[in-house]
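Please look through the sequence and the model below before reading on. The paragraphs after them go from the whole chain to its parts.

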Amino acid sequence: MGTRGPGVWDCDDFDPFSSEVKPRILLMGLRRSGKSSIQKVVFHKMSPNETLFLESTNKICREDVSNSSFVSFQIWDFPGQIDFFDPTFDYEMIFRGTGALIFVIDSQDDYVEALSRLHLTVTRAYKVNPDINFEVFIHKVDGLSDDHKIEKQRDIHKRASDDLADAGLERIHLSFYLTSIYDHSIFEAFSKVVQKLIPQLPTLENLLNIFISNSGIEKAFLFDVVSKIYIATDSCPVDMQTYELCCDMIDVVIDISCIYGLTGDEVGTPYDKESMAIIHLNNTTVMYLKEVTKFLALVCFLREESFERIGLIDYNFHCFKKAIEEVFDMRLKVQRSRKLLSQRRATYCLSAIQNGNIDSVVH
Ligand SMILES: Nc1nc2c(ncn2[C@@H]2O[C@H](COP(=O)(O)OP(=O)(O)OP(=O)(O)O)[C@@H](O)[C@H]2O)c(=O)[nH]1
Ligand SMILES: [Mg+2]
C-alpha cells in the first residue's frame, strides 16, 4: 500500500480491510471538461444551469451511491490537473479497485491535449488493472449539430484507437458516448456504464424478456428512481425518445407525490409500495409504471389493446417482482459471506502481526 498525499483525499476513512465490495467509477479528464457537473446533475439533481457556478475541484471527491439493491458503487471525481508522476498520487491502489474509468472530453474545446491525456491515463490504468471498462464521454455536445456530433465522435474514436495501436495496445477497448448535461444523454450514457458493473445484468434482462413476451408489452425498463439510471431493459433496442419519456414519467410521479402527497403523521415516502401510474399517449400507446422495490420501478410501453389484459399483466408483474427479490436475496447472501471472509482474514492478519509472525501474512 503506497502513501497517501496530503490534500489529495477528501476524507480519512480509508480502510484497507474494508469488506464492502463496491465497484469504483472514476471521473477523469482535463480541467473544466465537465466531470463535477456530470456527477452533480446525475446524482444530486442539480439543474444544468447551476453547474456554471461550480468551483474547480482541487482534491479527489469520493461519493457512495447505494440507492438501490443493484446500483451500488463509489464515484471518484478527480481534479483536472492530477499528475501521475506526483509520488503522493497512488494510482496503482486507485486503479486496482476500479470498475469503470470515465474519461470526459470537452467537445467544444480543442481536444488534442485531452487525447494525449486519455492515452496516458488508459495505458497506466490498463497496466495495473486490465479489467477496467474504459468509457469516453465526448461531452458538451449540446452546442453541436447532429452531423457535427457524428463527425467529432468518428475523429476522436479514430485518433484514440490509432494512438493505442501505435503503442501496440489495440486490445484495449474504449467505448464512446456523446453526452450533455442539458438533455438526457448523460443519464443514458451513465446507465450503460453502470449496467456493465452489475453482475446480475443477464439475469435481469432475461427476466424482462420473459415478462414482456408473456404480457404483450413492447418495451420495459427497470429504473433506479432516484438517479433515473436504467439498470436493465429487454433486448429490443432503446431509442432516446422512449428513454426520455420514462424519465419524464418518473419525475411526474415523484413530483406530484412530493407536492400533494400525505404529510404529517400520515406521512409516506414519495415513492412506496403503492406507487404506480398509467399514462395514455396520443398515439395509442400506454405507459405503465409500477414499484418493484424501494428504489426500483418498472416502466413499460404497450399498445392500448394489450393494456385491456391488465389482469394478466399484473399477474406476470407479480411473478417478475418475486423473481427480482430472489435475485436480490442471493446477492445479499453473497455479499454477507464475502464480508465474513474478509473480516476473518483481517483478524488473522492482525493477530499474526501482533505475534510477530509477519511471514505467514505475506505468504
Ligand atoms: N455546454 C455545456 N457546458 C457544460 C456541460 N457540462 C459541464 N459544463 C460546464 O463546464 C464547466 C466546467 O464544469 P466542471 O464540472 O466544473 O468541470 P470539471 O471537469 O469538474 O473541472 P475541474 O474540477 O477543474 O477539473 C461549467 O461551467 C459547466 O457548466 C455540458 O454538457 N454542456
Ligand atoms: Mg471538478
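**A walk through the chain**

Of the 363 residues in the chain, 30% are buried; a residue is buried if 20 or more other C-beta atoms, placed from the backbone, lie within 10 Å of its own, exposed if 12 or fewer, and partly exposed in between. This is a predicted model, in which local features need pLDDT of at least 70, side-chain atom pairs count only at pLDDT 80 or more, and totals for chains, interfaces and linings use all residues. Residues are numbered from 1 along each chain as its sequence is written, while chains are lettered from A and ligands numbered from 1 in the order in which they are written.

The chain contains ten helices and eleven strands. These are DSSP runs numbered from the N terminus, with helices being H or I of at least four residues and strands E of at least two. Among contacts with a separation of 6 or more, 70% are between residues 24 or more positions apart; two residues are in contact if their C-beta atoms, placed from the backbone, lie within 7 Å.

Six strands form an open sheet with mixed pairing, in the order 2-3-1-4-5-6. Two strands pair if DSSP finds at least two bridges between them. Strand 2 (61–65) and strand 6 (174–178) are the edge strands, each pairing on one side only. On average, neighbouring strands of this sheet are turned by 20 degrees against each other, direction ignored. Strand 2 runs antiparallel to strand 3 (residues 73–77), and five bridges join them. Here D64 stands opposite Q74 of strand 3.

Helix 4 (residues 146–166) lies across strand 4 (98–106), strand 5 (133–139) and strand 6, and runs at about 160 degrees to strand 6. Axes are lines fitted to C-alpha atoms, for helices over the stretch in contact, and angles run from 0 to 180 degrees between N-to-C directions.

Helix 1 and helix 5 (residues 185–195) pack with their axes 10 Å apart, at an angle of about 85 degrees. That makes helix 1 roughly perpendicular to helix 5, a term for angles of 65 to 115 degrees. I38, V41 and V42 of helix 1 meet I186, F187 and F190 of helix 5 in this contact. By class, the contact has six nonpolar, no polar and no charged residues. Ala, Val, Leu, Ile, Met, Phe, Trp, Tyr, Cys and Pro count as nonpolar, Asp, Glu, Lys and Arg as charged, and the others, Gly among them, as polar.

Methods. Angles under 35 degrees count as roughly parallel, over 145 as roughly antiparallel, 65 to 115 as roughly perpendicular and the rest as oblique.
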